[in-house]
Amino acid sequence: MSAASFRRWAPVVVMAAIIFAFSSVPSLGTGLGTWDLVLRKLAHLTEYAVLGALLQRALARPGIAILIGGLYAASDEIHQHFVPGRHAAWYDVVIDTVGVTIGVVLWQRMRRACTP
């Protein structure tokens, strides 16, 4: 693997590992009731937006970046199905994929704004 490929892909792997680690925690509840749900869904959206931006940075192909991010979201929900105290939810895959899409779009806009 070239140094350039490593620089592009290492952040993607690190972010995917962070997501996997959080998904391995049996319960991430804060005890804040409705706010707990809202905060957890915003966390999903945010972490997958970061993953989406990193995938777009590595691939420079928005459709492929969104597809890979969405597939990772689905695999993450399958993983959570096997974690005690967690469950898999199809709507989390949707939220995560929306997050990936937001990250891809933001990365593209940032690159355009920074390119003379």
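**Exercise 1.** Which residues does Ala 65 touch, not counting residues up to four places away in sequence?

*Solution.* Start with the ground rules. This is a predicted model, where local features need pLDDT of at least 70 and side-chain atom pairs count only at pLDDT 80 or more, while totals for chains, interfaces and linings use all residues. Residues are numbered from 1 along each chain as its sequence is written, and side-chain values use heavy atoms, with hydrogens and water left out.

Step 1: locate Ala 65. Ala 65 lies in helix α3 (helices are DSSP runs of H or I, at least four residues, numbered from the N terminus).

Step 2: list its contacts (heavy atoms within 4.5 Å). Ala 65 touches Leu 55, Gln 56, Leu 59, Val 100 and Val 104.

**Exercise 2.** Is Ala 65 buried or exposed?

*Solution.* Apply the cut-offs: buried means under 20% relative accessible area, exposed over 50%, partly exposed in between, with a 1.4 Å probe and protein chains only. Ala 65 has 0% relative accessibility, so Ala 65 is buried.

**Exercise 3.** Which residues of α4 are buried, and what do they pack against?

*Solution.* Step 1: find the helix. α4 covers residues 90–114.

Step 1: name its buried residues. They are Asp 92, Asp 96, Gly 99, Val 100, Gly 103 and Val 104.

Step 2: name the partners. These buried residues pack against α2 (34–59) and α3 (62–81).

**Exercise 4.** Is Trp 90 buried or exposed?

*Solution.* Trp 90 is in helix α4.

Step 1: read its relative accessible area. The value is 66%, so Trp 90 is exposed.

Note on methods. Helices (H or I, at least four residues) and strands (E, at least two) are DSSP runs, numbered from the N terminus.
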